[in-house]
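The following exercises concern the model shown below.

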Amino acid sequence: MPVAGRLAPALRAFAERLRVARPVPLLAGLVVVQVLIGVWMAWRTPHNGFLWYSGGDATEYWTESWSLAHRAMPSATIGYALPVYYGWVPLVAGPSLLTGVPVIAMLQLFVFVPVGVVCFWGVADRLFGRVFAWGATTLYVLGPLLLIAGFEQRFRDEFEQLFLAPHWFGLTEMADFPTLVGVLACAWATLWAFDRRSLDAALLAGLLGGFLLGLKPSNGFFLPGVLVLLAAGRRWRELVVWGIGLVPALVTLLLWKVRGIGNVPLLALGGAHEALAAGSAVGATTAFAGGRYVQFNGHHLHQELQDLREVFWSLRLLEFLFFAGILGAVRRFPAKGLFVGVWAAAYLLFKGSTHESAVIAGSYFRLAEAGLPAFALLAASVVFLRPGVRTLADAPAHAAAPGRARLRHPRALAAAAVVLGAVPLAAVAVAGTPAQPRMARDNQLVNEAPIVHSLDLRASASNGTVRLTWRKPASAGARLTYRVLRSGTGDGCSIPETGARICLLDMDTATVTRSTSWSGAAGAGPTWYRIAVAADFQDDDHGDLMLLSPAVRVP
């Protein structure tokens, strides 16, 4: 007690310095630390050129970006936002993911990782004040290192390779890392609308919420937290305007699914890559009521927690931080505490309980990634349970008095509406239907790839032997493998009856080679051949599809 008494004045003085410190220098330092950790993680994690682990999903995001960039409607197995906003990358980097991922990885690591840190600090500052923001942001930046230290040695490599490098630091083209940054930006704008009763902020937050649904329709998991915050604070006007901001994204998502797969999964009850139901207010209500799309699988979640117990230092510590953090946050500011608690629970418990989630495979952390910042906020909020600690923090932000129901910055909001609403809708609307498929999908591998003539596949037959030659594509330093595909019943493509005109690939693999030529016995009749370029982060013979050639027929 005497020691604590002597430390209290020093802590108060330190807190006061943090409260009045200029944010830019301190934030710059935290950003530098975060980026350096990302660079270190990228260097030490196995990769093939600029190709880090993606589980094959990156081929879908890349191919649909490439297809949309060439004004061809893709299969819409994913959300529309990444294909729209990253559609420029294939235009400057070429058709292969291998040459495009360096652009995307550098953009995300050196631009969006810093943006994420700034947005997290802004969220923490809006929640519980400046002093809390500095402590929580430090925890957020150092969190990856703390988790690595907490895991058993036998699991650290999997955690780093399958989650941290590719998904937490954005070293692959998938929607998980952009979702993380988008959720933080949306949370900041929503808290701004809550504190200031600003319709401008509410509309911006709604547009960002629509962007999240465009990235991954399952980001509807973020909506309950927003609803709880604005309803608990009786911000009814802001809630209505927030919902209006979702409308352009919902229209675009509807058009995207109808044109790409031929139906709306919510209405058709069909199996698409993601459940659209979690992406709209009506759909979310239906889903939670009927339990058809958003299912809380308690048994599976229990198994995931048991697996986590096996590889982490203390599951009880994580559980304590979660529940005690909710209590501390609610004690500090009830509406905002509930917001963070619901945000964390929606991703960490509900989304993390789906059957695709697996702690050992690393997919749990990827699926629940957008909830991890909320967990960091809860962990920092535990301090509010100790009597007297609140005196070291800022007073809760006071809401502005409600004024006239009008938008104060119409031009800025119009620009945001164009970028976040009109541009994606126009891109999806003008995408055409090519006479011949421009992209292929292998449903067995769950891979997609552009169909390109640049491989220049040539075939010749002589004395019962077929010889194939082709060109090596640009690979940005990655080692490639080639699969020689063949079929005796056609060119290996079938076209879906509804939706986009794509090639559903069904061909046998004759061989896998590192060479750019192959010779083999000719078939008994006409045979069609294709070359599939493949690569993965481990540089083995079972890589993901990168490019596919048009078919050639022999004889």
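**Exercise 1: the three-stranded sheet**

Task: State which strands form the open sheet of 3 strands, and describe how they pair.

Solution. Step 1: the strand order of this open sheet is E3-E4-E9, and the pairing is antiparallel. Strands (E, at least two residues) and helices (H or I, at least four) are DSSP runs, numbered from the N terminus; two strands pair if DSSP finds at least two bridges between them.

Step 1: strand E3 (458–462) and strand E9 (517–521) are the edge strands, each pairing on one side only. From one strand to the next, the twist averages 20 degrees. Axes are lines fitted to C-alpha atoms, for helices over the stretch in contact, and angles run from 0 to 180 degrees between N-to-C directions.

Step 2: between E3 and strand E4 (residues 465–469) there are 5 bridges in the antiparallel sense. Ser 462 stands opposite Thr 465 in E4.

Basis of the exercises: this is a predicted model, in which local features need pLDDT of at least 70 and side-chain atom pairs count only at pLDDT 80 or more, whereas totals for chains, interfaces and linings use all residues. Residues are numbered from 1 along each chain as its sequence is written, and side-chain values use heavy atoms, with hydrogens and water left out.

**Exercise 2: the disulfide**

Task: Which cysteines form the disulfide, and what is its handedness?

Solution. Step 1: the structure holds 1 disulfide, a disulfide being a pair of cysteine sulfur atoms within 2.5 Å. Its partners are Cys 493 and Cys 503, with sulfur atoms 1.7 Å apart.

Step 1: Cys 493 belongs to strand E6 and Cys 503 to strand E7, so the pair ties together parts that are 10 residues apart in sequence.

Step 2: the disulfide is left-handed because the torsion about the S-S bond of Cys 493 and Cys 503 is about -90 degrees.

Step 3: Cys 493 is partly exposed, at 24% relative accessibility, whereas Cys 503 is buried, at 0%. Buried means under 20% relative accessible area, exposed over 50%, and partly exposed in between (1.4 Å probe, protein chains only).

**Exercise 3: salt bridges**

Task: Is Glu 160 buried or exposed, and where in the chain do Arg 44 and Glu 160 lie?

Solution. Step 1: the structure holds 15 salt bridges, each a side-chain nitrogen of Lys or Arg within 4 Å of a carboxyl oxygen of Asp or Glu. One of them joins the side chains of Arg 44 and Glu 160 (2.9 Å, N to O).

Step 1: Arg 44 lies in helix H2 (residues 23–44) and Glu 160 in helix H8 (residues 153–168), so the pair ties together parts that are 116 residues apart in sequence. Arg 44 is partly exposed, at 40% relative accessibility; Glu 160 is buried, at 4%.

Step 2: Asp 176 forms a salt bridge with Lys 216, the closest N and O atoms being 2.8 Å apart. Asp 176 is in helix H9 (residues 176–196), and Lys 216 is in the loop between helix H10 (199–215) and helix H11 (223–232), 40 residues apart. Asp 176 is buried, with a relative accessible area of 5%, and Lys 216 is buried at 7%.

**Exercise 4: nonpolar cores**

Task: How many residues has the largest nonpolar core, and which helix gives its largest share?

Solution. Step 1: the largest nonpolar core has 155 residues, and those with the most contacts inside it include Phe 222, Trp 343 and Leu 377. Such a core is a set of buried Ala, Val, Leu, Ile, Met, Phe, Trp, Tyr and Cys residues joined through side-chain atoms within 4.5 Å.

Step 1: helix H6 (residues 97–128) supplies the largest share of this core, 15 residues.

Step 2: not counting residues up to four places away in sequence, Trp 343 touches residues including Val 123, Phe 222, Pro 373 and Leu 377; contact means heavy atoms within 4.5 Å.
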